[in-house]
Amino acid sequence: MKYEMIPRPWLQKWQLEHKCIAGCRTYNQVMESLLEDWDAYQWERLPLYVKRDIENQIHLTWDSLIDKLYKMGLVEEAVILTSMQQSIEYIRTHYPQLTCQWLRHNVQEEDYAWCEQWNVTLSVPHTSVTEQVIARSQQIGKAVATWTVNEIADYERVIQLGCKYVTTDYLEIP
């Protein structure tokens, strides 16, 4: 995929705002970083031709990743986590056997209907885990995932509330 059509001043501004210059050596790596940092930039401000190119790259990236999961025999163990609804819709349409979690900062009522429609587990910051989030997710037959839990008190709270998946930076919570 070629990205020469993306205006360099816009890309440089994005790189500076999101501090990805040091970690990205090639233009394609910058684009991959941009895709990973989906929520960090304003999608609506991108020109239409850039949006189309990024959408195409998302699908190619997922296909490549999922192909690797199949080759490694990890499809049943893998959990795809993303904040991009479009990516989840693509994955659930083309790879319905994969487990997906939707990373969401601020849960809205309509999010539950979308999770139910696309068979996706909601994943929220540990500070957003409440009895209401757990109960509403259970009503649609879904568990709740949470991130990033690095304190034992936070871990005990989210487990007690009913979270089934917990992401942490540590193998053993201090």
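1. Start with Arg92, whose side chain reaches the backbone oxygen of Leu98 at 2.4 Å. That is a polar contact, a pair of N or O atoms within 3.5 Å; within protein, one must be able to donate a hydrogen and the other to accept it, and residues adjacent in sequence count only if both atoms are side-chain atoms. Arg92 sits in helix α4, residues 85-94. Helices (H or I, at least four residues) and strands (E, at least two) are DSSP runs, numbered from the N terminus.

2. A word on what you are viewing: this is a predicted model, in which local features need pLDDT of at least 70 and side-chain atom pairs count only at pLDDT 80 or more, while totals for chains, interfaces and linings use all residues. Residues are numbered from 1 along each chain as its sequence is written, and side-chain values use heavy atoms, with hydrogens and water left out.

3. Leaving aside residues up to four places away in sequence, Arg92 touches Gln97, Leu98, Cys100, Trp118, Asn119 and Val120. Touching means a contact, with heavy atoms within 4.5 Å.

4. Now the salt bridges, each a side-chain nitrogen of Lys or Arg within 4 Å of a carboxyl oxygen of Asp or Glu. The count by this rule is 3. Side chains of opposite charge can pair when their charged atoms come close.

5. One of these salt bridges joins Asp67 and Lys71 at 3.1 Å, N to O. Both residues belong to helix α3 (residues 48-72), 4 residues apart, about one turn of the helix. Lys71 is exposed because its relative accessible area is 67%, whereas Asp67, at 36%, is partly exposed.

6. Which residue forms a salt bridge with Glu109? Arg136 does, with the closest N and O atoms 2.8 Å apart. This pair links distant parts of the chain, with Arg136 in helix α6 and Glu109 in helix α5 (residues 109-118), 27 residues apart. Arg136 is partly exposed at 23%, and Glu109 is partly exposed at 47%.

7. Asp111 and Arg104 also meet through their side chains in a salt bridge of 2.9 Å, N to O. Is Asp111 buried or exposed? Asp111 is buried, because its relative accessible area is 4%; Arg104, at 23%, counts as partly exposed.

8. Take a look at Ser137 too, which lies in helix α6 (residues 131-139). With 1% relative accessibility, Ser137 counts as buried. Ser137 and Leu122 are 15 residues apart in sequence, and their C-alpha atoms are 7.7 Å apart in space. Thr121 is in strand β3, residues 121-125, and is buried at 8%.

9. Finally, the whole chain. The protein chain has 7 helices and 5 strands, running α-α-α-β-α-β-α-β-α-β-α-β from the N terminus on. Of its 174 residues, 39% count as buried. A search of the whole structure finds 0 disulfides, a disulfide being a pair of cysteine sulfur atoms within 2.5 Å. Cys115 is buried at 2% relative accessibility, and Cys163 is buried at 5%.

Note on methods: Buried means under 20% relative accessible area, exposed over 50%, partly exposed in between (1.4 Å probe, protein chains only).
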